[in-house]
Amino acid sequence: MSYQSLETSSHQAREFPSLSTSVSLADKNWFKTGGPALFFAEPTSEIEFQQVLFYARTVNMPFYVLGEGANILVSDEGFKGLVIRPQLKKIKRLSYSDTHDLVQADAGVRFADLIVWCLENNLIGLEEFSGIPGTVGGSVFINIHYYEFLLSHFLVSAHVIDKRDGTVHAVDESWFNFGYNYSTLHENNFYLVNATFKVKKADTPTTFHAQGRSEEMIRHRYKRYPHAFTCGSFFRNFYPQEVAHLDKKLIYVAYYLDKSGIKGELSVGGAHVSYQHANMIVNDGTATTTDIITLARTMQELIREKFDILPQPECRLVGFEHYPLLI
Ligand SMILES: Cc1cc2nc3c(=O)[nH]c(=O)nc-3n(C[C@H](O)[C@H](O)[C@H](O)COP(=O)(O)OP(=O)(O)OC[C@H]3O[C@@H](n4cnc5c(N)ncnc54)[C@H](O)[C@@H]3O)c2cc1C
């Protein structure tokens, strides 16, 4: 259904889901910082998701689609528009072949819950992403990755809403143009409604083994990395062309940050470079977003001075009037 049909259809379709005003975002993101959203909506169905986008378009209001907030940094001023946090939560299984089945999960499903659901249904594969926080929507947006696994290896199709006319399209994997930390969703014209993943059917002993591996991965991650009050890796790795002039053409931003000796050493206010990982910034509970930005700029300056390369964030910046980092 398009906006046009919403405009001309029954009053029910034209009803806007209720919007809350001045809603805290600090408790809806993993850094636990930032100001409020002027308006906030949690659509629970595809039609409500359309309605709320239709409303934003009708009143010409800027909007932002939020997942679990595991990869964002919200400005201290908050977001002067409508924050939409989809609460579409269905998961369903579709048969595919003798060896594999398909699992369709809505954008608002927590990825951790999807992994558990798959294991409970003797379906394996997605546990390779155990311990990575986020919803299906946010995970497809960035094409989550862990070691050699990319989410795009599993995704076969999806439904997306076009913000321009409200139509919902069925698309396949190639539509996303997936890359490292990239999907077509970055262009902000389409929003994920649901995604379908191809997973392997397994017998009970194999599933137990996958479950054990999943638990081990979570334990391992908890030991190695901070797992709260952070957005994970703050800066993205470099593209090969950005490091082409260096002796060591390493793309890993953590290598350069580590070499700068900042791990566990550099802080601004309540924001600290983690002692466990040089590319992770952690809020000690007292940081403001301004502290985090000032720290990130200092990290950029250090890397630029020492290596003549400028890291840029993987973390998405929300509600800033001007780009707050160095370019
Ligand atoms: C402790 C920690 C560890 C992490 N480790 C990893 C890791 O190993 N590998 C990895 O890849 N990532 C990692 N991350 C990053 C993070 O987990 C992923 O980016 C995650 O999938 C974000 O999902 P989210 O729902 O929280 O998205 P959010 O942070 O809420 O949003 C991120 C982006 O997704 C967009 N988005 C959200 N929902 C939709 C939708 N329905 N349609 C279109 N766009 C949408 C938002 O607009 C935003 O631009 C880590 C983060 C943390 C905090």
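Strand S2 (residues 37–41) has four of its five residues buried, so S2 is largely enclosed by the rest of the structure. This comes from a predicted model, and everything below should be read that way. S2 has pairing partners of two kinds. Strand S5 (residues 79–84), by contrast, is parallel to S2, and four bridges link the two. Here Ala37 sits opposite Phe79 of S5.

Ser22, which belongs to strand S1, has a positive phi of about 45° although it is not a glycine. With 11 C-beta neighbours inside 10 Å, Ser22 counts as exposed, the cut-off for that class being 12 or fewer. Asn60 is another non-glycine residue with a positive phi, in this case about 55°. Its setting is a loop, the one between helix H3 (46–58) and strand S3 (63–65). Asn60 has 7 C-beta neighbours inside 10 Å, so Asn60 is classed as exposed too.

On the scale of the whole chain, the protein has eight helices and 17 strands. A compact globule of 327 residues would have a radius of gyration near 20 Å, and the protein comes out at 21 Å, which agrees. The C-alpha trace spans about 60 × 55 × 35 Å along its principal axes. Buried residues account for 39% of the 327 residues. As for contacts, take those between residues at least 6 apart in sequence: 65% of them join residues at least 24 apart.

The protein splits into domain 1 (3–84), domain 2 (91–224) and domain 3 (240–318). The centres of domain 2 and domain 3, taken over C-alpha atoms, are 29 Å apart. Lys89 falls in the loop between S5 and strand S6 (91–95). Its 15 C-beta neighbours inside 10 Å make Lys89 partly exposed. Leaving aside residues up to four places away in sequence, Lys89 touches Asp106, Gly108 and Val109. Lys89 and Arg110, 21 residues apart in sequence, have their C-alpha atoms 8.3 Å apart in space.

Next comes the ligand. Both domain 1 (3–84) and domain 2 (91–224) give residues to the shell around the ligand, so the ligand lies between them. Of the 31 residues around the ligand, those that come nearest are Gly67, Gly134, Gly137, Gly138 and Gly232. Helix H5 (136–142), strand S9 (145–146) and strand S13 (190–201) are the elements that give two or more residues to this shell. H5 gives the most, with five residues. Sorted by class, the shell has 17 nonpolar, twelve polar and two charged residues.

S13 is also tied into a set of paired strands. Strand S11 (residues 155–162) runs antiparallel to S13, and seven bridges join the two. The bridge partner of Ser157 in S13 is Thr196. S11 pairs with strand S12 (residues 168–172) as well, again in the antiparallel sense, over five bridges.

Strand S15 (residues 271–273) is joined to S16 by three bridges in the antiparallel sense, and Val273 is found opposite Ile281 of S16. As a general point, the side chains in a regular strand alternate between the two faces of the sheet.

Terms used
Residues numbered from 1 in each chain as written. Predicted model: local features only at pLDDT ≥ 70, side-chain atom pairs only at ≥ 80, totals over all residues. Near = placed C-beta within 6 Å. Nonpolar A, V, L, I, M, F, W, Y, C, P; charged D, E, K, R; others polar. Domains from an automatic or database assignment. Pairing = 2+ DSSP bridges. Buried ≥ 20, exposed ≤ 12 C-beta atoms within 10 Å, placed from the backbone. Rg over C-alpha atoms; globule rule 2.2 N^0.38 Å. Contact = placed C-beta atoms within 7 Å.
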